[in-house]
Amino acid sequence: MSKNITRLHRRQFLKTSLAASTAIMAPTIIPSSALGLDGAVAPSERIVVGGIGIGGRGTYDLGCFLEQADVQFAAVCDVKEKRRTAIKKMTDEKYGNQNCATYRDFRELLDRKDIDAVLIATGPNWHCTAAMQAAKAGKDMYCEKPCTKNIEQSLILKDTIRRTGRVFQAGTQRRNLPHFAFACELARTGKLGKLKKVFAHPAGMQAVTSGWLEAEEVPDKEVVDWDMYLGPAAWRPFNAKLLDGFNFEKGGGLVGGGVLEWGSHCVDLCQWAVGDIPAPVEYDAKKDDQLVARYENGIELIFREKDWLKLGSCPVRFEGETGWVETGDSGKLVLSSPTLLAGRTVAEIPGYPATFHVRDFLDCVKSRSQPKGNADAACNAHIACHAANVALYLGRQVKLDPRTNEFINDDHANRLRSEALREPWRL
Amino acid sequence: MLINRQLTRCSALLTSLFFVAAGLATAAETAVESAEKEAELIAILQSSAAPGEKAITCKKLTVYGSSKAVPELAKLLADEQLSSWARIPLEAIPGPEADEALRQAAGTLKGNLLIGMLNSIGVRRDAKAVDLLTNRLLDTDAQVASAAAVALGRIGNDASAKTLKQALASSPEGVKSAVAEGCVLCAERLRLEGRDADAVVLYDEVRAAEVPKQRILEATRGAILARHQQGIPLLIEQFRSFDKGLFQIALSTAREFPGSDVDQALATEMARATPDRAVLIVGAMADRPETVVLPAVLKAAGTGAKEVRIAAIKALGRVGNTSCLPSLLDFGIEADADVSLAAKKALFEIPGDNVDKYIVSRLAKAEGKVYPLLLDLVGQRRIEALAALLKAIDNSDAAVRTAALTALGATVPPEKLNVLIKLAVSPKRPEDAEVAQQALRTACVRMPDPEATATELTAALDKASLPTKIALLKILGEVAGTKALHTIGVAAKNSDPQIQDVASELLGNWLTIDCAPVLLDLSKSAPAEKFQIRAMRAYIKVARQFAMSDAERIEMCHKATDACFRTAERKLVIDALRRVPTMETLKMAIKAGQDPELKDDANAVILFIAPTLGGNVDEVRELLATVELSKAKVEIVKAEYGTGSTQKDVADVLRQNFKETALIALPSASYNESFGGDPAPGSEKKLIIQYKLNDVPGEVTLAENALIILPVPKQKK
């Protein structure tokens, strides 16, 4: 009996059980947990989630999803067999069944009508393309960062999410951590006086390029699907060194990487601090380990490598005319004056847990409201990073029109706004 | 071999590309220089360069390419390996030549390569390709036809709209979704151009077509927005749909709908919706803070289904204003705990200085259950209302007094801290003492000047009763700083044992290193031996755990050794020596080991420190010769000396020199001499020993001529 039940999908189980009880008018025992009577969430109220590309980071994210009572993780897709198997084992053990389906091609997962939302934690090469496919398939998505490879992708991401009415949460989990939120609030609400400068730590301002390495024997598709791994990236022969999804084609070839890896966190926080306005309009050439960009309202966004207080990774600093605040992943805040706290207690949460961010996403899946790391916010922050990378690549100042998101009178820069996707992929 | 070399060169090119290109692409770059670069790059494409090199050349042409590069790039479009690389510059190079090249290739290629061409044509929005794409819509390959449909959508002109509209009905099942996507893309383009009526036609066509649900949702959203204010009935229609997807698209579309007319419609709809939907509609209403119909939200907050009430109350916390406060205060004292809690949270969050002013004004004549609620809000919102709080402290209702004292703790300014100290030391009612002391703690830890705060607290100690003294000392412990440390240090020598106990415990948990001298002093002069021991243990903890220089740590260990009067603490000092493995601490451990009671502990530390002292092997060896190390059962399992694959079996030599301790002394300080020669002259060698120490297996790798000490293996758990 129990074996039969575990083979059924939970919704099917409930439906079948109820139907049976009606038909024979006999008491059918349904676990109270299945009806949500023990504090658990009834199956019909659960958000069914699938995972696409679940490696190290994805496994952490998935753990945050699995903590949530209203999540049912149903399927995993990964081009690597080892990852598929590991995630199936992890989730099946969690649920005490064998129901987690595995896929090599995420399109099959997206075809499943029972899946409401997806966790996209592939390498950056796939983030935007997979997210667009998910949106068009009617799924909401939590997408790891960096979410896009260039300016054009950022704009298409924003437009597609609006057009499809889906809920998008970028993996910018610091937007849901109290110390970062408080620091941004101080800046945004004028508590620091007129805001003058926001600082982001790029942690590396050089491009990461993924080469065309020497060909190696292509593994069996079931073990590693190389064609699917390459996905939208231009073709190159198999080489195991390129299987590090974290660094592969991060933001495309010519201007990839650079300030994007950490920038999609730190710059995103700076964007929040300035009120999620469009990206800066001027980006100077790098000088003395820093790159200065300017918003249309004159506030400077400074990508700075050195001179940070010891507040952990991903530090940001906001300076106004009357005060400043600096914070980082330690969870600690340093303020120019304790009066900025105004008697408030800000929870100190070290590290950068994603639990709150995942919860924010799930709440918005239900309410259809906009989560903190929504597509519009992510788009602006990513454009700032991409434009800074273009300035780094060209080694000179570039100017961006905030209305068109095109570089002004700058043919070379504009040609770096987008990059063709390998066939058959499109956004 | 040649290919390999080319590949290697290409890889190097790729990895260094950033730096090279960045150096070249300067603002001063002239058209001539760009042309020269383009010519060089074209020459590579024309050469027999390896595919990898041609690939990266394509990328460079993204920046430097012109119409001159197009013919060479076009040649690569049929190359399965390089087609995707060639399309990168062809999508970027302006001018009709690139369009023409992509159209030509689309006329001859098949399968994925063809799809790539169609996708690029769509990206470039090549209006001249509409006929070609129209033909490709009929392709038997559904993926090709789908790519053509989306490309037509991206072009988004009248011709493509007409084609897509026709195809919506006639396309095969596998293509319909893409055609619908193309239609919606087309319609979005029309909306951007201000042609809303034309867009509505397209959206409605999609809504009526048999296409996947998601396409219907997209078209529905577009159809509502493109109709402007006339779209409100269509929006409301979706709110009433039984279909969950349509209801959800209504929720998200309502949030982006312009103007304020829709807010009234939402309010009406919320009132008639089922509770589960009304909850979500209230959320959407609150996401339109500029135009939300507040009275409707307020009404929903007051009556009806509980879940709707709570959702509405939460919404008021985000978008409410002073007009909502009387009701929220009423909700905050309701018997239903969920409603009450939601209201309290909303009252805490509701924005605006006027809200604070209103709360203060209500305080003046407050009574009953709302009084403590108002006082709570003063505390939570950090409102300055000192006079009202002091008045409330005299109230006969304990709940009011408790709330007032708590609020005072959250809001009292530094210059009025003495008021709270007085209340804590001499409460008007004895039963308020605990709350007052808790409030004082809250206030003291947020004071900007810890030294000034500690001075005020210290002054109050004399007048305080014993229990209050203890409470004040604990608060001083949290305030910390120089003054607090001194006061607590003095208290630790007080004549009252209870005060001694609390003070020494506070010192034992002190978090800054300046407590060390105070602890050392107490370890000698505390009134009771048990507190001397406590102080010494705390002092040793500081020596072990706190950040300081090696010299300071050693000095603390010396002082602790001198001051310890019990074996137990002396053992702790010996163990602390591990933190600073130096010749001096080795000597300290050896000296300590001369005491039979400390010998085993000292030996363990000696064997820990000695191997780490790489620079003084001879001196260490001489020192160890004076030590009677503990006996150990040692078995040499395997021992090899050498480098890489050149290894010499030296297990027997070790076994012969083993003296039943973990230290193995060889005949000579030189491994080469002891092991019968150099197994790998000129190379850096290692000695690797596998062994069992007291039957527990272990392994150690030693640099040439290092002391041979077998570490105690870690037991597997």
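This is a predicted model: local features need pLDDT of at least 70, side-chain atom pairs count only at pLDDT 80 or more; totals for chains, interfaces and linings use all residues.
Entry 1: Next I looked up how much of chain B is buried. Of its 717 residues, 45% are buried.

**Entry 2: elements and overall form.** I went through the secondary structure and found 40 helices and six strands in chain B. Then I checked the radius of gyration, which comes to 41 Å for chain B, whereas the globule rule gives 27 Å for 717 residues. The value is well over the rule, so I noted chain B as more spread out than a compact globule. I also took the spans of the C-alpha trace along its principal axes, and they are about 100 × 95 × 55 Å.

**Entry 3: domains.** I looked at the domain assignment of chain B, which lists domain 1 as 412–473 and domain 2 as 631–717. Taken over C-alpha atoms, the centres of these two domains of chain B are 65 Å apart.

**Entry 4: where chain B meets chain A.** How many residues of chain B are in contact with chain A? I found 57, and they touch 39 residues of chain A. I then asked myself which element gives the most to that side of chain B. Sorting the side of chain B that touches chain A by class, I got 25 nonpolar, 21 polar and 11 charged residues.

Notes. Residues are numbered from 1 along each chain as its sequence is written. Chains are lettered from A and ligands numbered from 1 in the order in which they are written. Two residues are in contact if their C-beta atoms, placed from the backbone, lie within 7 Å. Helices (H or I, at least four residues) and strands (E, at least two) are DSSP runs, numbered from the N terminus. Ala, Val, Leu, Ile, Met, Phe, Trp, Tyr, Cys and Pro count as nonpolar, Asp, Glu, Lys and Arg as charged, and the others, Gly among them, as polar. Domain bounds come from an automatic or database domain assignment. The radius of gyration is taken over C-alpha atoms; the globule rule is 2.2 Å times the number of residues to the power 0.38. A residue is buried if 20 or more other C-beta atoms lie within 10 Å of its own, exposed if 12 or fewer, and partly exposed in between; C-beta atoms are placed from the backbone.
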